[in-house]
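Colleague: I have a model open and would like to talk it through. Could we begin with the overall fold and then turn to individual residues?

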Amino acid sequence: MAKPANHSSTPDWEFASEEAASASSLRELRRLMRYLRRHRSLFWSGVLLILVATAAALFEPRLFGLAIDEAVIPRDMASLKRIALLFLGVEIVRVSATI
């Protein structure tokens with residue numbers, strides 16, 4: 001009977017057992033944590049910027065919906081200008097957070 005194909009990225013021979021794989025992962029995690037301790041402020045700044053950029057990206061479709069519902073359909077140019085400026089501000093924040 002043929003052996004089923006191994007579709008995982010880790011070859012069968014790389015780890016003799018799950019314990020060896022787990023120990024290797026724990027060593028890598030400890031090494032990463034030592035590095036992060038030294039650069040804690042950079043790490044948390046990066047996490048914060050990712051959250052800000054994600055929030056801004058999620059806010060964009062809501063602004064488009066608001067623009068259509070509140071400004072385009074009623075043909076209110078003043079509201080459309082305000083929403084467009086708000087959209088520009090959101091875009092500046094999003095791009096600034098991802099650079």
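This is a predicted model: local features need pLDDT of at least 70, side-chain atom pairs count only at pLDDT 80 or more; totals for chains, interfaces and linings use all residues.

Colleague: What share of the residues is buried?

Modeller: Of the 99 residues in the protein, 14% are buried. The protein exposes about 8,500 Å², and carbon and sulfur atoms supply 65% of that area.

Colleague: And among contacts between residues at least 6 apart in sequence, what percentage joins residues at least 24 apart?

Modeller: That percentage is 49%.

Colleague: Let us turn to Ser79. Where does it lie?

Modeller: Ser79 lies in helix α3, which covers residues 77–98.

Colleague: Why does Ser79 count as buried?

Modeller: Its relative accessibility is 12%, and Ser79 is therefore buried, since the cut-off is under 20%.

Colleague: Which side chains make polar contacts with the side chain of Ser79?

Modeller: Asp76 is one partner, with a side-chain contact of 2.6 Å. The side chain of Arg82 is another, at 3.1 Å. Leaving aside residues up to four places away in sequence, Ser79 touches Glu70 and Ala71.

Colleague: A change of topic: which residues make the nonpolar surface patch?

Modeller: Leu26, Leu29, Leu32, Met33 and Tyr35 make a patch of about 470 Å². Among them, Met33 lies in helix α1, residues 18–38.

Colleague: Why is Met33 called partly exposed?

Modeller: Met33 has a relative accessible area of 41%.

Technical notes:
Residues are numbered from 1 along each chain as its sequence is written. Side-chain values use heavy atoms; hydrogens and water are left out. Helices (H or I, at least four residues) and strands (E, at least two) are DSSP runs, numbered from the N terminus. Buried means under 20% relative accessible area, exposed over 50%, partly exposed in between (1.4 Å probe, protein chains only). A polar contact is a pair of N or O atoms within 3.5 Å; within protein, one must be able to donate a hydrogen and the other to accept it, and residues adjacent in sequence count only if both atoms are side-chain atoms. Contact means heavy atoms within 4.5 Å. Patches are made of residues with over 30% relative accessible area and no salt bridge: like charges are joined within 9 Å, nonpolar side chains (Val, Leu, Ile, Met, Phe, Trp, Tyr) within 5 Å. Accessible areas come from the Shrake-Rupley method with a 1.4 Å probe; for residues, only the protein chains shown count as cover. A salt bridge is a side-chain nitrogen of Lys or Arg within 4 Å of a carboxyl oxygen of Asp or Glu.
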